[in-house]
Amino acid sequence: MTDLPPVTLRPLPSETISDIRGQLRGTVALVGGGPGDPGLISYRGYQYVGAADVILIDHLAPDLSSIIPADCDVIDVAKLPYRKSVAQEKINSMLVEHAEAGQFVVRLKGGDPFIFGRGLEEQEYCEDQHVSVTVVPGITSPIAVPETAGVSVTQRGVTHDFTVVSGHVPPGHPKSLVNWDALGHMRGTICIIMGVKNGGAIAQALMDAGRDPETPAFVTQEGTTSNEKSIATTLASLGQVLENVDPPAVIVIGDVAVPRPHAE
């Protein structure tokens, strides 16, 4: 990651907070916070977080505490992989409950709310209850994290496609919706999120389907943050490498998964 000074986000003026709350009272905003660095949130996302009456926040959302109003009710709904978290049904009902009380409610997520973020479920539930929803897209981690670490998921003359996959369910699991055999036959880039726990099994499934064991792989933990750590490896060694990686992490598999020399 390029060593740049951090972006300083300042609280909104009280007049701006009042204006935004007045315009959006009784509504919900689904805000994508980006891949981790608070400075990568969109300007609209910054304004909405900075003016919210209530924020329901995920564990992977960026730290925006410097701009959250002092009178804002911040509710941590966790959403930690494989750990205890607030049930989605409860989150849905809280969004509607606070909006119906006349508050401006922000649902703050990491990345983009609609990329494995269950944003559509929340939007549909709110709208079914006649609560208006605004969607604020966020920079999604499967693309942003590798590129800030020195890996482009596409490259002219190398690959014409990339696939983003959730790895929270292992290959062969009855609930898996991913055709790992088909991915193993493809030449393009594979970007995996939520795949640390099952990365070894995923690598094996891809090799069993025909992917070359020497295919480059690149793992970035806590990308775009001060705790970022990246490891270049191969598909054959990916499972072993992931034993020393903690989520959140993005895994890139393919010929592009070789970092530029200055990014190492």
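Domain 1 and domain 2 bury about 870 Å² between them, with 73% of that on carbon and sulfur atoms; buried area here is the accessible area (1.4 Å probe) that two parts lose on being put together, summed over both. This is a predicted model, so local features need pLDDT of at least 70 and side-chain atom pairs count only at pLDDT 80 or more, while totals for chains, interfaces and linings use all residues. Residues are numbered from 1 along each chain as its sequence is written, and side-chain values use heavy atoms, leaving out hydrogens and water.

**The two domains**

- Domain 1 covers 17-136 and domain 2 covers 141-253, with bounds from an automatic or database domain assignment.
- Their centres, taken over C-alpha atoms, sit 29 Å apart.

**What meets at the interface**

- Seven residues of domain 1 are in contact with 16 residues of domain 2 (contact means heavy atoms within 4.5 Å).
- There are zero salt bridges between domain 1 and domain 2 (a side-chain nitrogen of Lys or Arg within 4 Å of a carboxyl oxygen of Asp or Glu).

**Around Ser-42**

- You'll find Ser-42 in the loop between strand S1 (28-32) and helix H2 (43-49); helices (H or I, at least four residues) and strands (E, at least two) are DSSP runs, numbered from the N terminus.
- Ser-42 has a relative accessible area of 27%, so it counts as partly exposed (buried is under 20%, exposed over 50%, partly exposed in between, with a 1.4 Å probe and protein chains only).
- Leaving aside residues up to four places away in sequence, Ser-42 touches Val-136 and Pro-137.
- Ser-42 and Gly-32 are ten residues apart along the chain, and their C-alpha atoms are 8.2 Å apart.
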